[in-house]
Amino acid sequence: MTPDEHVTAPLSLRQRRRAAATQEIVDAAERHIAEHGPAALSLRAVARELGMTVQALYHYFPNRDALVTTLIAKGYDDLADAVKTAVDTAPDDPATPRLVVAARGYRRWAVAHPERFQLLYGAPLRGYEAPAEGPTTQAVRRMSMVFQNELFAEYTTEQLAAADTLALSPPLRSQLERLPPEGPGALPPAAAALLLIAWGHMHGLVVLEVFGHTSFIGDHQAEIFEMSMRNMLKDIHRRIPDAASLPRPPGP
């Protein structure tokens with residue numbers, strides 16, 4: 001294949017205009033959510049802000065669910081970008097594990113964009129159902145892989161399979177083994193369970209803060225979060241055996 005065959009054809013003027021209009025609609029919808037909350041989102045409200053008719057907006061999003069799906073997928077991608085940027089730009093510091101840096105990035109984005117975070121993780125919008133295996137699912141898996149890599153990158157599959165967890169019930173083990181490989185399904189069941197536990201721990205603290213349930217701590221919420229993440233990481237890593245302690249496979 002020649003280098004020229006790899007070049008993507010430039011968008012036509014019509015395509016560029018459509019892309020620009022679509023982006024303008026998405027931006028307006030995000031502003032509306034920031035001002036009024038996810039539950040108040042409607043095509044009519046977005047069209048009114050842009051000086052469009054609802055019928056004109058239908059040319060870009062055929063219904064509210066299509067717009068919501070785009071907003072949720074973009075939210076997950078923006079959150080994953082914030083986490084990845086936090087990790088990629090952090091100074092080398094042996095005292096601060098990369099998972100902790102990633103968790104900081106997750107919390108910062110959520111606190112800075114509470115309404116968009118609520119769209120992702122708050123009460124489901126009435127009548128909305130995300131398309132199966134659609135863009136929102138792919139975005140969630142991307143987010144999962146970011147944390148999965150930072151949590152387990154230094155361990156082998158054998159070490160992860162030997163992680164010290166409570167015995168998994170046969171139904172749970174079977175469920176974990178059926179997960180898609182683009183995420184926790186790539187891990188041995190014991191490690192997948194630890195990843196879900198870590199996710200719940202981190203995400204739960206962020207949800208409590210974003211929804212105002214830990215405001216009594218005042219300006220110390222970041223410190224509590226940092227302490228919790230470091231303790232959680234120590235607990236998970238102590239459950240994973242050293243490679244040298246694993247039994248060696250029998251020789252030929």
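These legends describe close-up views of a predicted model.

**View 1. Helix α5 and its surroundings.** Helix α5 runs over residues 98–112 and has 15 residues. From its first C-alpha to its last it reaches 21 Å, close to the 21 Å expected at 1.5 Å a residue.

View 2. Helix α2 spans residues 43–50. Its buried residues are Leu43, Ala45, Val46 and Ala47. Their cover includes α1 (13–36), α3 (54–57) and α4. Gly51 follows α2. The phi of Gly51 is positive, near 70°.

**View 3. The largest pocket.** About 310 Å³ of space lies in this pocket. The lining has 15 residues. Which of them lie nearest the centre? They are Val140, Arg141, Ser144, Pro184 and Leu196. Two elements, α7 and α10, each give two or more residues to the lining. Helix α7 gives the most, with 5 residues. By type, the lining divides into 10 nonpolar, 3 polar and 2 charged residues.

View 4. The structure holds 6 aromatic pairs. One of them joins Tyr76 and Tyr121. This pair is edge-to-face, with 5.7 Å centre to centre and 80° between the planes. It links distant parts of the chain: Tyr76 sits in helix α4 and Tyr121 in helix α6, 45 residues apart. Is Tyr76 buried or exposed? Its relative accessible area is 9%, so Tyr76 is buried. Tyr121 has a relative accessible area of 22%, so this residue is partly exposed.

**View 5. An aromatic pair within helix α6.** Phe117 and Tyr121 also form an aromatic pair. This one is tilted: 5.0 Å centre to centre, with 50° between the planes. Both residues lie in helix α6. They are 4 residues apart, about one turn of the helix. Why does Phe117 count as buried? Because its relative accessibility is 0%, and buried means under 20%.

**View 6. The aromatic cluster.** Which residues form one aromatic cluster? Tyr76, Tyr106, Phe117, Tyr121, Phe147 and Trp199 do.

Definitions and conventions:
Residues are numbered from 1 along each chain as its sequence is written. This is a predicted model: local features need pLDDT of at least 70, side-chain atom pairs count only at pLDDT 80 or more; totals for chains, interfaces and linings use all residues. Side-chain values use heavy atoms; hydrogens and water are left out. The expected span of a helix is 1.5 Å times one less than its number of residues. On a 1 Å grid over the protein atoms alone, a cavity is a set of points where a 1.4 Å probe fits but cannot get out, and a pocket is an open set with protein on both sides within 12 Å along at least five of seven lines; lining residues have an atom within 4 Å of a point. Grid points are joined across faces, edges and corners, and a volume is the space filled by probe spheres set on the points. Ala, Val, Leu, Ile, Met, Phe, Trp, Tyr, Cys and Pro count as nonpolar, Asp, Glu, Lys and Arg as charged, and the others, Gly among them, as polar. Buried means under 20% relative accessible area, exposed over 50%, partly exposed in between (1.4 Å probe, protein chains only). Contact means heavy atoms within 4.5 Å. Rings of Phe, Tyr and Trp (its six-membered ring) pair if their centres lie within 6.5 Å; planes under 30 degrees apart count as stacked, over 60 as edge-to-face and the rest as tilted.
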